[in-house]
Amino acid sequence: MAIEAHILGTSSARPTATRAVSGSIVVTDEGNFVVDAGEGFQSRFAQQRKWLKQYDAESSIRPSKIKAIFLTHGHLDHTWGVLPWLQSMSLDGRTQPLAIIGPTTSAVVEALVDGVIPEDVLSVDLYNQFGYWISMVNHEQPLPYELTYILGDPTSRRWVQLDTKGHGKLLDKSFSERLGLSTIEIEAFPTLHSVPSCAWSITQQQRQGAFDRNRAGELQLDEHQKSALSAGHDIEHEGTMLLASTFRGPPKPALRLVVSGDTAECSPSLASIESCNVLIHEATFIDEQQDVADAFLHSTSRGAMKTARSMNAQALCLTHYSNRLSETDVLIQEAEAECPDIVVTAADDHDRIYVDDSGEVVHKYWNGNGWMN
Ligand SMILES: [Zn+2]
């Protein structure tokens, strides 16, 4: 009933002694989703699983529950961990299907739709990386699980599914339909970076309110009557009509979590999002490096806050720090100076961002022997 992101890497470009490169896993009721998987992702994932077993056994991030890997862009600090992890899941006997989805150029998409092999594709483009992964994972024997590669242009919202020969077919379903999700909506929003890039939005749709068991108990309704009311059917009870609608509390709000990937501040597409509970956004630089941020299409924490404000985010969680940054306090201060009304926190590796059933956002900090709020 809630959404939770486990942030497994918070360094930009290259790892430091205490921070790994990008990679997160988002846990929902209908399955788990990885957003980016830089170098060493599988080790951090295994470490997080171990710590969860040790310190919070009720939460789990089992690999079998992962339905898709969403990539924000093709830079290697966000993708280098995918291939070895695909092999490990194979060795672990995974059987559940898995989709890998990421952005490319419109030229690649249109060439694939036309049945033509795309030309002049940037080496780092996900089209090339996917092709490499397809040939590598199949080179000895086929994988024991179905692996689907989907590439698309987040601006035109045209996505193609690749076959093992690198040919593409236009995806005629939403991501939710393709992944068999009924209450979780997945959307890609184009962002501003030096290669095709997008943010990923994961929404748990609004759900009906809780059934009023107390009232049903007071009226001494039997199980048959309770299940009829719970299913939305009005019933007659001792000469009175009982309306199913009066046995439900207020609807539970939709929950939305957005992960930015690498981007300059204030992408217009993100501003089109009317609201979200939490935005997990890169903050590569501090204020005085604004010109570097602009030049390399990254954000400062102030810029991340501007983006958060443009999409009415209730909370902002910073990540993806330059490895020259020794501590994150300055990032928080500069973001707060931009907008004191949005709660801002800075993630460290293995922190968790929890959006509860009512939409409240809790940052659970990893402290070496458990998580604290
Ligand atoms: Zn990056």
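The C-alpha centres of domain 1 and domain 2 lie 44 Å apart. This is a predicted model. The domain assignment gives domain 1 as two segments, 3-207 and 345-368. Domain 2 covers 213-247.

Take the sheet next. Six strands form an open sheet in the order β9-β10-β13-β14-β15-β16. The pairing is mixed. In general, strands of a sheet pair through backbone hydrogen bonds, in either the parallel or the antiparallel sense. Here the edges are β9 (184-190) and β16 (343-346), each of which pairs on one side only. On average, and ignoring direction, neighbouring strands of the sheet are turned by 15° against each other.

Strand β10 spans residues 198-204, and strand β13 spans residues 255-259. The two run antiparallel and share five bridges. Ile202 has Leu257 of β13 as its bridge partner.

Now look at the helices beside the sheet. Helix α12 (residues 329-338) lies across β15 (313-319) and β16. Its direction makes an angle of about 165° with β16. Helix α11 takes up residues 301-310. Its buried residues are Ser301, Gly303, Ala304, Met305, Thr307 and Ala308. In general, an α-helix has 3.6 residues a turn, so residues three or four places apart point the same way. Just after α11, Asn312 adopts a positive phi of about 50°.

Which protein atoms hold the zinc ion as donors? They are OD of Asp77, NE2 of His78, OD of Asp262 and NE2 of His320. These donors lie 2.1 to 2.4 Å from the ion. The angles between the four donor atoms run from 91 to 149°. A tetrahedral site would need all angles between 85 and 135 degrees. The arrangement is therefore irregular.

In sequence, the donor residues follow the spacing D-H-x183-D-x57-H. His78 belongs to helix α2 (residues 76-79), while His320 sits in the loop between β15 and α12. The pair therefore ties together parts that are 242 residues apart in sequence.

Are these two histidines buried or exposed? His78 has 1% relative accessibility, so it counts as buried. His320 is buried too, because its relative accessible area is 3%. The cut-off for buried is under 20%.

Methods:
Residues are numbered from 1 along each chain as its sequence is written. This is a predicted model: local features need pLDDT of at least 70, side-chain atom pairs count only at pLDDT 80 or more; totals for chains, interfaces and linings use all residues. Side-chain values use heavy atoms; hydrogens and water are left out. Domain bounds come from an automatic or database domain assignment. Two strands pair if DSSP finds at least two bridges between them. Helices (H or I, at least four residues) and strands (E, at least two) are DSSP runs, numbered from the N terminus. Axes are lines fitted to C-alpha atoms, for helices over the stretch in contact, and angles run from 0 to 180 degrees between N-to-C directions. Contact means heavy atoms within 4.5 Å. Donors are N, O and S atoms within 2.8 Å of the metal (3.2 Å for Na, K and Ca); water is not among the atoms, so sites may look incomplete. Four donors count as tetrahedral if all angles lie between 85 and 135 degrees; four count as square planar and six as octahedral if opposite donors are over 155 degrees apart and all others between 65 and 115; anything else is irregular. Buried means under 20% relative accessible area, exposed over 50%, partly exposed in between (1.4 Å probe, protein chains only).
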